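Have a look at the fold below, and then we'll go through a helix and a sheet.

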Amino acid sequence: MTLLEVSHLTITTDDALALVDDVSFRLERGEALGIVGESGSGKSLSCRAVLGIVPESLNVTAVGIVFDDVDLASATPSQWRRIRGTRIGAVFQDPGSYLNPSISVGRQLAEVHRLKNGSGRRDAWSSAVTALGDLGLSTPELTAHRLPHELSGGMLQRVLLAIAIAESPELLIADEPTTALDVTVQAEVLDVIADLRATTGLAVLFVSHDLPVVAHLCERIHVMQHGRIIESGTSADVLQSPAHPYTRSLLTAHAEYGLDRFLNREVAHV
Ligand SMILES: Nc1ncnc2c1ncn2[C@@H]1O[C@H](COP(=O)(O)OP(=O)(O)OP(=O)(O)O)[C@@H](O)[C@H]1O
Ligand SMILES: [Mg+2]
């Protein structure tokens, strides 16, 4: 069953430059779709269009951005409020900037639970601590008392994930959520997202410039370049037999600079 269908999305500047050029994609319920492409290819703007947060200076046109029968392209502010943050959650590259720096992360998460459940402060706090534990933080109570700047990037991204999924959304939009993290922590956060999919049936729109990372998490991949989708397919097909030269170059770059190559070279020298 289709959860999200974006048809013929175009985003232009006032001087008619197309930043996103006739992009269409579809996500089934519970599916993970990856969007991969170089910096500036229009990945984030495409996500922002689904969230209704494209900068006002840009023009958005689409035949439809349909989320479970609601056309977001023409949604009213009250329809948006019922969907964004509730049925669609989102995490971005820079988790720190979405939190209030002077309030403990536990209180910020508890506030979301309080609004959702209408529960008292104490119950909301314990829901927040449980949620942090569920996302793999080993000392959730201690973490909850910390201010954002006292946490590592990986911990902050888990807090943001906890906030994004607090209202049990059907879709999570994850725009380069692991790009700022080191490789080990990146793998941990990817595992958390994969676990969430398995336990909650969450659909995920996952954006990254790293093709193997996207393939790890997603069933299908769209490759974007210069605002267009230039290749689509199952993750296995795109990784094993990329059709477009640009996709091949993404894989070659990975093979040249990737850890595997480095390790193999080290082994070869021994
Ligand atoms: N408010 C804006 N006004 C004008 N141009 C913009 C605006 N926001 C983004 N752009 C341009 O639109 C293009 C697509 O931007 P977008 O942020 O979607 O790229 P991206 O694929 O997410 O890149 P990255 O991997 O660096 O995050 C870029 O060329 C960017 O400079
Ligand atoms: Mg981006």
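Just after helix 3, G118 takes a positive phi of about 65°. This is a predicted model, so local features need pLDDT of at least 70 and side-chain atom pairs count only at pLDDT 80 or more, while totals for chains, interfaces and linings use all residues. Residues are numbered from 1 along each chain as its sequence is written, and chains are lettered from A and ligands numbered from 1 in the order in which they are written.

Helices (H or I, at least four residues) and strands (E, at least two) are DSSP runs, numbered from the N terminus. The 13 residues of helix 3 (105-117) should span 18 Å at 1.5 Å a residue, and the end C-alpha atoms are 18 Å apart, which agrees; the expected span is 1.5 Å times one less than the number of residues.

Among the buried residues of helix 3 are V105, L109 and H113 (buried: 20 or more other C-beta atoms within 10 Å of its own, C-beta atoms being placed from the backbone). The buried residues pack against these helices (contact: C-beta atoms, placed from the backbone, within 7 Å):

| Partner | Residues |
|---|---|
| Helix 4 | 121-134 |
| Helix 5 | 140-144 |
| Helix 6 | 153-164 |

Now the sheet: six strands make an open one, ordered 7-8-9-3-10-11, with mixed pairing (strands pair if DSSP finds at least two bridges between them). Strands 7 (88-91) and 11 (228-234) stand at the edges with a single partner strand each, so one side of each is left without a neighbour in the sheet. Strand 8 (171-175) and strand 9 (203-208) run parallel, joined by five bridges, and A174 sits opposite F206 in strand 9.

Definitions and conventions
Buried ≥ 20, exposed ≤ 12 C-beta atoms within 10 Å, placed from the backbone. Contact = placed C-beta atoms within 7 Å.
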